[in-house]
Amino acid sequence: MSSSDLAAVVVTVCVVVALVALIAVLTQAFALMRELRRKLEDFDAKVGPALSQLADTAEMAQTEINRLRDLINVAQKVAGLAESAGAATARAASVPVDKVRSALSALRGVQTSGTGRGKASDEGRETAPSSGSTAAGSESTER
């Protein structure tokens, strides 16, 4: 056997060994790919329904958020209406109260002048309406 024949045999043996090693590595890679695909399908089977349920829950949550936003808007409108109605009621109620207070002061003045106390009762009567109007004026400034 010549050196060229020996080299051909050695090269052939090395190529066969390399091919066997390559086939073994490729077989392991294919087995790994099959296992990975199986795991991915299991993962998809388990996570798919959960993602679907999560999407449904998110949609329901968004619907509830919109509903609550609408309720808050309505509550703000009602609060504004209640505030303006309260202010209007206070304004409407203050006028008759002031008039009643003035009428009571005037009646007290008439009542004291009718008892015959003389000049002192007339002075009291003159000061009574002005003190009543001062009380009404200070009361309206407090609001």
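Is Thr-57 buried, partly exposed or exposed? Thr-57 counts as partly exposed, because its relative accessibility is 42%. Here, buried means under 20% relative accessible area, exposed means over 50%, and partly exposed lies in between, with a 1.4 Å probe and protein chains only.

A quick word on the model. This is a predicted model, where local features need pLDDT of at least 70, side-chain atom pairs count only at pLDDT 80 or more, and totals for chains, interfaces and linings use all residues. Residues are numbered from 1 along each chain as its sequence is written, and side-chain values use heavy atoms, with hydrogens and water left out.

Now the overall picture. The protein has two helices and zero strands. Helices (H or I, at least four residues) and strands (E, at least two) are DSSP runs, numbered from the N terminus. Of the 143 residues, 6% are buried. The accessible surface is about 11,700 Å², and carbon and sulfur atoms hold 66% of that. Those areas come from the Shrake-Rupley method with a 1.4 Å probe; for residues, only the protein chains shown count as cover.

Back to Thr-57. Thr-57 sits in helix 1. Its side chain reaches the backbone oxygen of Gln-53 at 2.8 Å.

Next, the salt bridge. The whole structure has one. A salt bridge is a side-chain nitrogen of Lys or Arg within 4 Å of a carboxyl oxygen of Asp or Glu. Arg-67 pairs with Glu-64, and their closest N and O atoms are 3.0 Å apart. Why are the two about one helical turn apart? Because Arg-67 and Glu-64 are three residues apart in helix 1. Arg-67 is partly exposed, at 42% relative accessibility. Glu-64 is partly exposed too, at 38%.

Last, a surface patch. Val-11, Val-15, Leu-19, Leu-22, Ile-23, Leu-26 and Phe-30 form a nonpolar one, with about 650 Å² of accessible area together. Patch residues have over 30% relative accessible area and no salt bridge; like charges are joined within 9 Å, nonpolar side chains (Val, Leu, Ile, Met, Phe, Trp, Tyr) within 5 Å. Val-11 lies in helix 1.

Technical notes. Polar contact = N/O pair within 3.5 Å; in protein donor to acceptor, adjacent residues only side chain to side chain.
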